[in-house]
Amino acid sequence: MAELAGLDDPRIREVNEKHGDDHGVNLGKLRALAKRLKTQQELARELWATGDSAARLLALLVCRPKAFGRDELDVMLREARTPKVHDWLVNYVVKKSPHAEELRVAWSADPDPVVASAGWALTTERVAKKPAGLDLDGLLDVIEAEMKDAPDRLQWAMNHCLAQIGIEHDGHRARALAVGERLEVLKEYPTPPGCTSPYAPVWINEMVSRRDGA
């Protein structure tokens with residue numbers, strides 16, 4: 001904890017706070033520290049228990065993802081107050097867990113929109129890598145009905161799923177494009193030069209074009 005406190009940079013903290021995060025540690029330095037520590041599951045649990053965001057990010061880098069129980073991961077997600085901790089927990093830990101599918105189903109139906117957004121992130125992963133058994137039309141039905149008025153983080157996760165369906169599945173691409181065009185979610189999102197717009201129709205067409213042109 002003392003070493004993490006020494007890495008805290010007020011300028012980084014100020015930038016992070018604009019995105020809802022409350023730590024000031026350079027992520028490159030955090031990863032270097034994790035590399036030095038290697039995998040330490042008990043240390044990871046102790047770091048998580050501090051409630052400190054930088055410590056929790058480090059915990060997610062040094063933990064053993066398959067060592068967490070299903071209920072433990074559920075509690076951790078609900079405790080993950082900031083976007084970065086939430087995203088790393090889902091992407092670095094839950095996606096590697098044997099409980100990922102059970103949690104995907106449970107979280108997707110959760111009334112808390114931030115918890116639900118984690119369910120949608122796991123669904124997006126399945127759309128891309130393990131689509132067998134998924135009802136893609138059913139997912140598009142839900143997105144079409146609910147994405148427009150969803151809270152920000154849930155809306156972002158549903159939009160990512162919409163784009164992934166359009167990118168990965170030719171037979172559903174026309175409908176995914178139509179849904180995106182009708183809802184216009186993130187259409188005006190400011191996109192830096194050289195980056196892909198998160199507006200689903202642009203995102204889908206650009207990724208498909210890149211892939212087909214490769």
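Arg173 counts as buried, at 17% relative accessibility. Here buried means under 20% relative accessible area, exposed over 50%, and partly exposed in between (1.4 Å probe, protein chains only). The model is predicted: local features need pLDDT of at least 70, side-chain atom pairs count only at pLDDT 80 or more, and totals for chains, interfaces and linings use all residues. Residues are numbered from 1 along each chain as its sequence is written, and side-chain values use heavy atoms, with hydrogens and water left out.

Arg173 belongs to the buried set of helix 12, together with His172, Ala176, Leu177, Val179, Gly180 and Leu183. Seen down the helix axis, these buried residues fall within an arc of 165°, so they line one face of helix 12. The arc is that of the directions from the helix axis to the C-beta atoms. The buried residues pack against helix 10 (136–146), helix 11 (152–168) and helix 13 (200–213). Contact means heavy atoms within 4.5 Å. The face turned away from the buried side carries the exposed residues Gly171, Ala174 and Arg182.

Helices (H or I, at least four residues) are DSSP runs, numbered from the N terminus. Helix 12 covers residues 170–183, and its 14 residues should span 20 Å at 1.5 Å a residue. The expected span is 1.5 Å times one less than the number of residues. The end C-alpha atoms of helix 12 are 20 Å apart, which agrees. Just after helix 12, Glu184 takes a positive phi of about 55°.

The structure holds 23 salt bridges. A salt bridge is a side-chain nitrogen of Lys or Arg within 4 Å of a carboxyl oxygen of Asp or Glu. One of them joins Asp170 and Arg173 (2.8 Å, N to O). Both residues lie in helix 12, three residues apart, about one turn of the helix. Asp170 counts as exposed at 56% relative accessibility, whereas Arg173 is buried.

A second pair is Glu144 and Arg182, with the closest N and O atoms 3.4 Å apart. Glu144 lies in helix 10 and Arg182 in helix 12, so this pair ties together parts that are 38 residues apart in sequence. Glu144 is partly exposed, with a relative accessible area of 27%. Arg182 is exposed, at 52%. Both residues belong to a network of salt bridges that also links Asp137, Asp141 and Arg175.

Glu184 takes part in a salt bridge as well, with Lys187 (3.4 Å, N to O). Glu184 is partly exposed at 41% relative accessible area. Lys187 is partly exposed at 37%.

Conventions:
Helices (H or I, at least four residues) and strands (E, at least two) are DSSP runs, numbered from the N terminus.
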